[in-house]
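Student: Could we go through this structure together? I want to learn what the terms mean and how each one is decided.

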Amino acid sequence: MAERKRHFPVRKTVQGIWGLAQNGHLAGFLTGTIYAGPLKQFCVPGMNCYACPGALFACPIGAMQASFSARRPKFAFYVLGFLTTVGVLVGRMICGWLCLFGLIQELLYRIPVPKLSIPKKADRILRYLKYVVLVLFVVLFPIILRDEYGVSFPYFCKWLCPVGALEGGIPLVLLDETLRQAAHWLYAWKMLLLALCIAASMVIYRPFCKYICPLGAFYALFQRFSFLQLKVNQARCTHCGSCARACQMQVNPAEHPCSGECIRCGACVRACPHQALCFGMASQAKEARMKEAT
Amino acid sequence: MLRNKENRIRLLVLLAGIGMCAYGIARGEMLIVLRKAAAICLECCGIG
């Protein structure tokens, strides 16, 4: 327990510092403008809306849709290559350590209200939703659904993303009179989504990450093949279930260390009373498993 | 043997990722990202 208390703030600190660093254009929060300098052509690995007045970099999901929804759509080699590189290196560790919206959801979950337990079957089905969101709203709709002038939209950002509503919608509408006047039913819809997401985050651990986030879905595809892996020492593991109980993403790390749902927060590693779990490079992890099998 | 194969796949995916990124940059995709990100995204805010 003492170990957990010592480690816990480390991840929160990293998440907080990263969140502040990528939203370091503080003047934007005073003037209601956004940063438009050269850094904006680079993507961050986690979700962070580029309409946020503080955002210094681009959101990869928004950037991907920008490529797909262009009047002459381009395959998003740059963004997909960047995300593939990050994904194959660390998998969903980005979700656990470098996502500001993940941190916000975690903090909301600490509010002492009764927590909701989703039935296992429903939870399993709902987890596939994020892959549907990725394929339809981020890739297919921006490419296919166009108006008579050939113009398309970033459909995920427009209809589903609560990050943009929180980081961009609220501060900009508060600070900019013109935007305030232009806000109508779509703004109300996004505020409703945000309110639902906030309410759900108080009773369910990271509901957006579990069920909706297309970036988490993309990184999840690389969990099995990423260089960074969760290592299980079967000789030490007694299958006591401590790691599964500690995991708030409802993964059983001892049985499924490469699960696409694991955000590699390290809670299981700290919870294991036998030190049977650790993070390591893929080759070492495989080596350990093979050694134990023989 | 299996380990080598898996590591080779990992390395190939990593190289493919870096290659795609470099190719995207070479054909000017960063400009598309910059154009989108440097203006207020009305869709993201819920305005348009």
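Tutor: Start with the core. The largest nonpolar core has 65 residues, and A:Met47, A:Ile61, A:Met64, A:Val79, A:Phe156, A:Phe208 and A:Tyr219 touch the most other members. Helix 4 (residues 77-90) of chain A gives the largest share, 6 residues. Domain 1 (2-220) and domain 2 (227-293) of chain A each supply at least three. Keep in mind that this is a predicted model: local features need pLDDT of at least 70, side-chain atom pairs count only at pLDDT 80 or more, and totals for chains, interfaces and linings use all residues. Residues are numbered from 1 along each chain as its sequence is written, chains are lettered from A in the order in which they are written, and side-chain values use heavy atoms, without hydrogens and water.

Student: What makes a set of residues a nonpolar core?

Tutor: Its members are buried Ala, Val, Leu, Ile, Met, Phe, Trp, Tyr or Cys, joined through side-chain atoms within 4.5 Å. Another core, of 9 residues, lies apart from the largest one; among its members are A:Leu230, A:Cys243, A:Ala276 and A:Leu277.

Student: Why is the pair of A:Phe68 and A:Phe75 called edge-to-face?

Tutor: Rings of Phe, Tyr and Trp (its six-membered ring) pair if their centres lie within 6.5 Å; planes under 30 degrees apart are stacked, over 60 edge-to-face, the rest tilted. Here the centres are 6.2 Å apart and the planes are at 70°, so the pair of A:Phe68 and A:Phe75 is edge-to-face.

Student: Why is A:Phe68 called buried?

Tutor: Buried means under 20% relative accessible area, exposed over 50%, and partly exposed in between (1.4 Å probe, protein chains only). A:Phe68 has 5%, so A:Phe68 is buried. A:Phe75 has 42%, so A:Phe75 is partly exposed.

Student: What kind of aromatic pair do A:Phe77 and B:Tyr23 form?

Tutor: Edge-to-face: 4.9 Å centre to centre, with 85° between the planes. The pair crosses between chains, from helix 4 of chain A to helix 1 (residues 2-26) of chain B. Helices are DSSP runs (H or I, at least four residues), numbered from the N terminus.

Student: Why does B:Tyr23 count as partly exposed?

Tutor: B:Tyr23 has 44% relative accessibility, so B:Tyr23 falls in the partly exposed class. A:Phe77, at 22%, is partly exposed as well. A:Phe68, A:Phe75, A:Phe77 and B:Tyr23 form one aromatic cluster.

Student: How do you know that A:Lys115 lies over the face of A:Tyr109?

Tutor: NZ of Lys or CZ of Arg must be within 6 Å of the ring centre and within 35 degrees of the ring normal. A:Lys115 meets this over A:Tyr109, at 4.4 Å from the ring centre.

How values were computed:
Helix = DSSP H or I, 4+ residues; strand = E, 2+ residues; numbered from the N terminus. Domains from an automatic or database assignment.
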